[in-house]
Amino acid sequence: MHLNHPANVAVIGRGYVGLGTAGLLAHIGHTVTGIDIDEEKIAMLRQGHVPIHEPGLDDLLASQVERLTWTTDYSAVRDADVIFICVGTPPGLDGTPDLQYVVSAAASIARHLNSHSQIIVNKSTVPIGTGDYVQRLLEDHTPSFDPSRHFVVSNPEFLREGTALGDSLYPDRIVLGGQPQALDLMTQLYAPLIDQSFTAPTVAPRPEWFTRPAVVKTSLQSAEMIKYAANAFLALKISFANEISGLCERVGADIEEVAAGIGMDQRIGQRFLQAGLGWGGSCFGKDTQGLISAGREHQYDMPILQAAIDVNYRQRRVVIDKLLRHLKTVKGKRVSILGMAFKPNTDDLRDAPTHDLIVQLNRLGASVTAHDPIAMNRAAREWSHLSYTPAATVEEAFERADAIILATEWDEYINLDWNTLLATTRRPLVIDARNIIRRPINAQVEQVGRDAPRGERRRADVERS
Ligand SMILES: NC(=O)c1ccc[n+]([C@@H]2O[C@H](COP(=O)([O-])OP(=O)(O)OC[C@H]3O[C@@H](n4cnc5c(N)ncnc54)[C@H](O)[C@@H]3O)[C@@H](O)[C@H]2O)c1
Ligand SMILES: O=c1ccn([C@@H]2O[C@H](COP(=O)(O)OP(=O)(O)O[C@H]3O[C@H](CO)[C@@H](O)[C@H](O)[C@H]3O)[C@@H](O)[C@H]2O)c(=O)[nH]1
């Protein structure tokens with residue numbers, strides 16, 4: 001079977017994954033229609049405004065205007081060779097992913113499938129078995145459904161927020177699950193990405209070390225499982241570093257040195273061993289819980305994953321304990337948090353550790369001030385239930401503070417003139433929950449899993465990877 005080139009592609013969902021996928025596919029030459037039910041966001045995109053903060057994405061989408069169309073109308077599916085489902089799969093109350101958006105997208109797609117060969121691709125992170133379920137939905141809702149022409153494929157997404165463009169253009173691997181003939185068509189769709197034959201955009205130049213992605217072809221179920229298992233393993237790795245960091249503090253070891261030392265073993269690797277405040281974001285919490293609830297459905301315990309989750313959320317309390325050790329009580333004290341987004345270079349607040357820090361500090365009677373270089377407006381909308389004072393500037397956050405908690409390692413914070421700002425505080429106390437402070441500053445500094453820098457030469461000069 002043969003896929004047209006350029007192919008006509010429909011991308012359903014204009015979130016982090018939908019926009020990244022639309023931008024990538026247009027950049028490698030395809031014609032893309034982005035479909036979302038959110039009329040306001042589609043109107044913004046039509047006017048050239050990108051509704052999320054993702055470095056380089058606005059430039060990439062602007063460079064592809066001729067190949068990109070935005071609409072709320074599903075009839076664009078009729079002419080599409082490939083239809084990507086990129087809608088949200090948020091956790092339900094019991095941790096099981098809520099598939100309502102996938103189901104409604106599939107039902108809308110079904111109404112518009114044509115009689116030509118078409119591939120429906122699940123890019124959303126979905127429970128194992130969802131590909132088969134989507135296929136059944138399409139069969140039930142499409143009178144002309146023909147399993148020899150209509151294929152469901154799983155093609156999980158591995159991009160990270162904040163580095164989405166580079167991750168999409170230069171992926172380690174492309175995972176494709178489904179029937180062999182459909183996977184051949186998907187390989188044709190991704191050919192320019194696999195061969196790296198596209199022009200690297202200036203917003204995301206090709207790294208020197210990068211050659212080409214591996215293509216992993218599997219069953220639908222294995223592809224769906226690869227996504228969950230990858231996220232679970234990364235989450236586990238971070239929790240492992242955090243658990244070791246607690247013991248480092250107690251025995252006089254330094255987690256940065258330890259992580260560097262173990263990470264040099266190729267079997268372990270340097271990345272995702274950064275101890276601190278633990279993971280947040282829309283994926284690790286949701287997907288570890290999703291895997292556990294899949295286990296539960298099959299009466300199968302997953303104790304390692306549960307432990308990784310427990311360690312992660314304990315880490316958010318560790319930071320408050322450090323604060324209390326210095327201040328005894330925070331009642332009536334002004335505690336300022338630097339960083340609200342769950343990681344730097346994004347405005348995403350989903351499961352951001354700062355949310356929990358504010359909740360804990362509110363309960364303890366502190367007066368909380370919070371700052372973020374990008375996510376403040378979004379926080380004003382999404383965190384209106386929390387009690388905190390937004391700091392318009394980083395200077396405002398430092399003024400008269402009894403303590404500063406560094407929660408997100410934005411470059412803006414790493415490069416601060418710390419000593420000048422600390423002079424405006426009521427008490428120079430810094431809880432550096434991301435271990436970014438590398439030199440002594442005029443403050444009492446608490447870091448995670450190590451003594452704060454005091455000026456003496458360190459035993460090993462450990463650079464972060
Ligand atoms: N955010 C990430 O970094 C990331 C990375 C890899 C995988 N994923 C997975 O990809 C999926 C999407 O994640 P996201 O962060 O992009 O989600 P998001 O919440 O940012 O965006 C989802 C979009 O889907 C739209 N939508 C909902 N129902 C729809 C429908 N029936 N038709 C059309 N549009 C509809 C919403 O309006 C929204 O714009 C999730 O399953 C997630 O787990 C996310
Ligand atoms: O060594 C580390 C690395 C990360 N984090 C934290 O872990 C969270 C997640 O970070 P990251 O993985 O970089 O961002 P995400 O955008 O959540 O990306 C993850 O989740 C996505 C959604 O499934 C996947 O596509 C990506 O491959 C996977 O890395 C953030 O709070 C980070 O601060 C640490 O605490 N220590």
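## R400: an exposed loop residue

R400 counts as exposed because it has 12 C-beta neighbours inside 10 Å. The cut-offs use C-beta atoms placed from the backbone: 20 or more others within 10 Å make a residue buried, 12 or fewer make it exposed, and anything in between is partly exposed. R400 is found in the loop between α15 (394-398) and β12 (403-406). Its phi is near 60 degrees, a positive value in a residue other than glycine.

Helices (H or I, at least four residues) and strands (E, at least two) are DSSP runs, numbered from the N terminus.

## The model

This is a predicted model: local features need pLDDT of at least 70, side-chain atom pairs count only at pLDDT 80 or more, and totals for chains, interfaces and linings use all residues. Residues are numbered from 1 along each chain as its sequence is written, while chains are lettered from A and ligands numbered from 1 in the order in which they are written.

## Other backbone features

N345 also has a positive phi, near 70 degrees. N345 is buried, with 20 other C-beta atoms within 10 Å. Its loop runs between β9 (334-338) and α13 (353-363).

H5 and P6 are joined by a cis peptide bond, with omega about 0 degrees. P6 sits in the segment before β1 (8-12). Most residues other than glycine have a negative phi, and most peptide bonds are trans.

## Two domains

The domain assignment, automatic or from a database, gives domain 1 (8-218) and domain 2 (242-446). Their centres, taken over C-alpha atoms, are 32 Å apart.

Contact between the domains involves 15 residues of domain 1 and 15 residues of domain 2. Two residues are in contact if their C-beta atoms, placed from the backbone, lie within 7 Å.
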